[in-house]
Amino acid sequence: MWVSSVKSLSCRKCVKHVSFIRLYAVSALAHLNFSLSNPIEEEKTIDSPKQNRTMNNFLEMDKVKVVETLNYLKKDPGLAFSFFNQLKENGFCHDPCTYAAIVRIVCYWGWDRKLDSLLLELIRKERNLDFEIVDLFEALDEVSESESSNLLVRVSDALVKVYVTIGMFDEAIDVLFQDKCRGFVPHILSCNFLLNQLIEFGKLDMSVTIYRQLRAFGLCPNDYTYTIAIKAFCRKGCLDEAVDVFREMEEYGVTPNSFAYTTYIEGLCLHGRSDLGFEVLKAWIAANLPIDVFAYTVVIRGFCNEMKLKEAESILHDMEKQGFAPDVYTYGALISRFCMVGNLFQALSLHNEMVSKGIKTNCVIVSSILQGLSQIGMASEVANQFKEFKKMGIFLDKACYNVVMDALCKLGKVEEAVELLVEMKGKQMVPDIINYTTLVGGYCRKGKVVDAWNLFKEMKKNGHKPDIVTYNVLAGGLSRNGLAQEALILLNDMNTQGVKPNTVTYNVIIEGLCIAGKVDYAESFFGNLGDKCLENYSSMVKGYCEANHTREAFDLFIRLSKQGFLVKKASYIKLLENLCMEGDNEKVLLLFDIMLAMNVNLVKVIYAKVIGALCQAGEMKKARRVFDIMVNKSLILDLITYTMMINGYCRVNRMREAFHLLGDMKSKGIKPDVITYTVLLDNCSKLNLKRFHPGQDSVESKGNKMDPSALWSEMKDMDIKPDVVCYTVLIDKHCKTNNIQDAIILFNEMISRGLEPDIVTYTALLSGHCNVGDIEKAEVLIDDMLYKEIQPDGHTMSVLQHGILKARKVHFRQ
């Protein structure tokens, strides 16, 4: 029936036959399970063979019939779309005319998403089609002029957006040029979308070029267009050209919006001109221009990026005076930066201030605080703060949980960390690979490698494929616990899972095995590596050092240096530390000289370690050579370096050089601290320089003789507060010279300042009392020590006994 009708009737009569169209539509619906607004119940029961016969015969019609059918279904867009798709699924090849027909329908009904999907489909299939997308526009143009213009603009705008969305910027720009050739103007909104996305993808020059061509396309930029242009120029660093955009807006009568002003201020801040950005902000506020809170946030963030935190905090309080209420993002910028620099006190203070104002915190700020605490080693405080935040009812994301789990693992509380993992699951938060890796590392750190392995298997079972980081953490844990064979098995598992071991993998195994004391296994593993890189050699050197095989580490270092290779910084610093601890200063200097000869830019810590080792050994001539190298290389000498050198000279009784360095450091603006003066006081006392004797080594520094009392006065003048050690040195000096009253005065002074004497201080004063025969006061001191729960040691009791015996001898002689 219907098949013969299709063959005998003309195309126009065919498409006018409603029953046939609906019959086909029902067939399409049955296949797609698509719901229409006007279904016909009796037509849903048509048998499948009849549907197929209908479809097969309908496909025999030419594409003109399809177009006319779609045109007929214009008022039933759901049915038309189903009809279009069913034809395609059954092998019908749509051409520009059929696509144009369905595009007209979706545009008529405002189905923008359907239009986008049609265009995206064409873009992705264009290589396999018999036509190009440009042919679609020619097909769409075959209607009335007024309808064609609006339709072409709409489709053109949609095509630009689709191209931009999938990153095909050149094609999107071509559409704009084609629009100009066709004689119509695209909508400014689609151009704005293109310009903005070009900026987001870093194509700043292209964005600026298009902006300058807009008027050539016949477009009139709006306030958002100009704002995007300002953003592009600011990102490029062309701040003067951004100002020109404001002038152009004024010329064309376009009023800048608040975002335009903020964008320019942000540009200044991004290029290190936050101070100017703030001045511009204040000027615009004074001019009553539309400025919002975000402008202040931008400036505060700019100062934070420039590490000018005091200025940023000052602006935070200034904005409130100007009537702008800071929001969570304003506070968040400051809090995060304070956390980053380790100033957690100020970060927490600002956070409390924010919460007290009724501004609810968020997980981003919480995460910054927790990470900041973790970075300065306050793992316990991380756990405590996390509990406090939970009590406040703040949503905590996986990042927050991971920070606290890592902190608990560092504290050895892996079980509590695992409980948090269970808690996450209870809150419908799916743990990610980072969470699992943290816990695996925690178990390894505690030596529970079996639990680490089981958690690793659980992770894989739950569908999380371990990445190279997870494997490296587990490989390091197995190695550090001496499980060499298991580490090799893990390497095989990595290869099976398609994860290729990297340099870090091999290094953690080498170092881990050495830490576990299995140096032979580490050497064997290292020897079997195919393509060794310098980092592998560096790990072997460090591994030797971890196992206290310093000689082997040094020999390997020398062998590599002779070939012109230098191990990583961490490795040669560790080797230097070992040599210094072992007192092998000859090798210390050899290593130091080799690195200098290889033009290594040594950090100050290297110089400090070498100088410290040489001073400790009393090799001041060699220490001075290293010190002078620092001076010649214009390295900034610090307090610690000077104090080490002064202490070294004092230890070998070369006080002239010590006081010369004291004067040198003060002349360079380096203020000595209590340790520096304590070193000098101690050694001056030992040399008994209270009185000047002819022939004794003496020196003057700016008129001050090497007299402890002169140093003490200098400390007071410089407002350097003595500590317990400093007081003890002076008390001991007075006691040994029988100035017991001066010693008592200092003892009482330190207590009045809130400093608690230690056992060394008590013993020094006790010795002084015994020297002058005042045993009763010596015994009172013993009672005072016991009252303060300071247990006298053998030396203290020996001093007392010696004093008692001396007093008895004196009494017996009398």
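Which side chains meet in a salt bridge at 3.9 Å, N to O? The side chains of Arg215 and Glu248 do. The model is predicted, so local features need pLDDT of at least 70 and side-chain atom pairs count only at pLDDT 80 or more, while totals for chains, interfaces and linings use all residues. Residues are numbered from 1 along each chain as its sequence is written, and side-chain values use heavy atoms, with hydrogens and water left out.

**Salt bridges**

- A salt bridge here is a side-chain nitrogen of Lys or Arg within 4 Å of a carboxyl oxygen of Asp or Glu.
- The whole structure holds 38 salt bridges, and one of them is the pair Arg215 and Glu248.
- Arg215 sits in the loop between α13 (204-213) and α14 (223-236), and Glu248 in helix α15 (residues 239-251), so this pair ties together parts that are 33 residues apart in sequence.
- Helices are DSSP runs of H or I with at least four residues, strands are runs of E with at least two, and both are numbered from the N terminus.
- Arg215 is partly exposed at a relative accessible area of 32%, and Glu248 is partly exposed at 22%.
- For these labels, buried means under 20% relative accessible area, exposed means over 50%, and partly exposed lies in between (1.4 Å probe, protein chains only).
- Glu619 and Lys622 form a salt bridge in which the closest N and O atoms are 2.9 Å apart.
- Lys622 is partly exposed, with a relative accessible area of 38%, and Glu619 is partly exposed, with 24%.
- Lys777 pairs with Asp774 in a salt bridge, the closest N and O atoms being 3.8 Å apart.
- Asp774 has a relative accessible area of 24% and is partly exposed; Lys777, at 40%, also counts as partly exposed.

**Helix packing**

- Two packed helices are described by the angle between their axes and the distance between the axes.
- Helix α20 (residues 328-340) packs with helix α22 (residues 363-375) at an angle of about 10 degrees, their axes 9 Å apart.
- This makes α20 roughly parallel to α22.
- On the α20 side, the contact is made by Val328, Gly332, Ile335, Ser336, Cys339 and Met340; on the α22 side, by Ile365, Ser368, Ile369, Gly372 and Gln375.
- Axes are lines fitted to C-alpha atoms, for helices over the stretch in contact, and angles run from 0 to 180 degrees between N-to-C directions.
- Angles under 35 degrees count as roughly parallel, over 145 as roughly antiparallel, 65 to 115 as roughly perpendicular and the rest as oblique, and contact means heavy atoms within 4.5 Å.

**Surface patch**

- Tyr224, Phe259 and Phe294 make a nonpolar surface patch of about 260 Å².
- Phe294 belongs to helix α18 (residues 293-305) and is partly exposed, with a relative accessible area of 33%.
- Patches are made of residues with over 30% relative accessible area and no salt bridge; like charges are joined within 9 Å, nonpolar side chains (Val, Leu, Ile, Met, Phe, Trp, Tyr) within 5 Å.
- Accessible areas come from the Shrake-Rupley method with a 1.4 Å probe, and for residues only the protein chains shown count as cover.

**Positive phi**

- Most residues other than glycine have a negative phi.
- Asn288, which is not a glycine, has a positive phi of about 60 degrees.
- Asn288 lies in the loop between α17 (274-286) and α18 and counts as exposed at 70% relative accessibility.
- Ser634 is not a glycine and has a positive phi of about 60 degrees.
- Ser634 is in the loop between α37 (620-632) and α38 (639-651), where Ser634 counts as exposed at 62% relative accessibility.
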